[in-house]
Amino acid sequence: MVQMNDVRKIYDSSGTLALDGVDLTINEGEFVFLVGPSGSGKTTIIKLLTGEIQPTEGTVIVNDFDLGKLKRRKLPKMRRTLGIIFQDFRLIDNMNVYDNVAFAMRVVGASAKEIKKRVPYVLELVGLEGREKRLPQELSGGEQQRVAIARALALHPDILCFDEPTSALDPELTGEVLKVLRDLADRKTTMIIVTHEMHFARDVADRILFMDGGVVVEEGPAKQLIDHPREERTRQFLAHYSE
Ligand code: ADP
């Protein structure tokens, strides 16, 4: 579960007001898209959730951890409840698919027995059975992304966050990846997707939060928000990005 109350974030280095009073709640098992133009504050929200940065004002609660009150030494414990998938996947080039996932588990201290059981399970979840021995460069972009998803899942996160997961992929692959994600959300993993490509959200997301200028301008069920936006800024954004 994620909760933000009246969060403001000013980056000291530039004096930029990145978030100007954000309130949001994301419940367990929800599949949420955080959408908005470049510079609207989406990545800042993800960085606040991981504890990489601190809010200037307001509270951020992630999986029962109040990040404002959390001691630094407790941060790794909170982070283990999160799975983050970055735009560039960050796979290890000289390790095959199986070892990329197994290595991540070893790093957090999983036993050999656990690894042997869990790796095939998560690879099957993302539809990569039969690809275990391939190196990352022997996979399509969509498959590489699914390795990154499997690796995050192997660590049993309560929440999976994706920063612009679809930007590097063509539309066909995007559909394939989103289907995997929808399945995972149905298995009660909370999913937060950051993107500027709203049209992908319509058929898979439970809810869309539309951000602009550091605030949540509008939020609602995915189909409703895309088909009947209430706010002019949302309409403009949709008109700009629809194909
Ligand atoms: P988005 O992810 O929606 O593109 P960001 O959260 O990255 O938006 O950025 C929000 C605003 O904060 C932008 O104006 C950006 O230039 C500024 N910003 C982001 N990161 C930093 C930083 N590390 N230092 C200073 N300003 C930043």
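Predicted model: local features only at pLDDT ≥ 70, side-chain atom pairs only at ≥ 80, totals over all residues.
Helix α1, which spans residues 42-49, is largely enclosed by the rest of the structure, because six of its eight residues are buried. The buried positions of α1 are Lys 42, Thr 44, Ile 45, Ile 46, Leu 48 and Leu 49. For Ile 46, which lies in this helix, the relative accessible area is 7%, and the residue is therefore classed as buried, the limit being under 20%. After α1 comes Gly 51, with a positive phi near 80°.

The packing of two helices is described by the angle between their axes and the distance between the axes. For helix α3 (residues 97-107) and helix α4 (residues 112-125), the axes come within 10 Å and cross at roughly 130°. This angle makes α3 oblique to α4. The crossing of α3 and α4 is right-handed.

Twelve salt bridges were found in a search of the whole structure. One of them joins Arg 8 to Glu 57, with 3.5 Å between the closest N and O atoms. This pair connects distant parts of the chain, as Arg 8 belongs to strand β1 (residues 2-11) and Glu 57 to strand β4 (residues 57-62), 49 residues apart. Arg 8 has a relative accessible area of 25% and is partly exposed; Glu 57, at 42% relative accessibility, is likewise counted as partly exposed. Arg 8 and Glu 57 also take part in a network of salt bridges that includes Asp 20.

A further salt bridge is formed by Glu 143 and Arg 131, whose closest N and O atoms are 2.8 Å apart. Here too the pair links distant parts of the chain, with Glu 143 in helix α5 and Arg 131 in the loop between α4 and α5, twelve residues apart. Glu 143 counts as buried at 11% relative accessibility, whereas Arg 131 counts as partly exposed at 26%. Within helix α6 (residues 171-186), Asp 186 and Arg 182 are four residues apart, about one turn of the helix. Their side chains meet in a salt bridge with an N to O distance of 2.8 Å. Asp 186 is exposed, since its relative accessible area of 52% is over 50%.

Positive phi values also occur in residues other than glycine. Arg 90 has a phi near 55° and is found in the loop between β6 (82-85) and α3. With a relative accessible area of 49%, Arg 90 is partly exposed. His 156, which is not a glycine, has a positive phi of about 55°. This histidine is placed in the loop between α5 and β7, where it counts as partly exposed at 49% relative accessibility.

The loop between α5 (141-154) and β7 (159-163) also contains Leu 155. Leu 155 has a relative accessibility of 32% and is accordingly partly exposed. Together with Phe 103, Val 107 and Val 108, Leu 155 forms a nonpolar patch on the surface, and the accessible area of the four residues together is about 320 Å².

Notes: Residues numbered from 1 in each chain as written. Heavy atoms only, no water. Patch = residues over 30% accessible without salt bridge, like charges linked within 9 Å, V, L, I, M, F, W, Y side chains within 5 Å. Areas by Shrake-Rupley, 256 points an atom, 1.4 Å probe, with all protein chains shown as cover. Helix = DSSP H or I, 4+ residues; strand = E, 2+ residues; numbered from the N terminus. Buried < 20%, exposed > 50% of the residue type's maximum accessible area, 1.4 Å probe, protein only. Axes fitted to C-alpha atoms, helices over the stretch in contact; angles between N-to-C directions. Parallel < 35°, antiparallel > 145°, perpendicular 65-115°, else oblique. Left-handed = near helix turned anticlockwise from the far one by under 90°.
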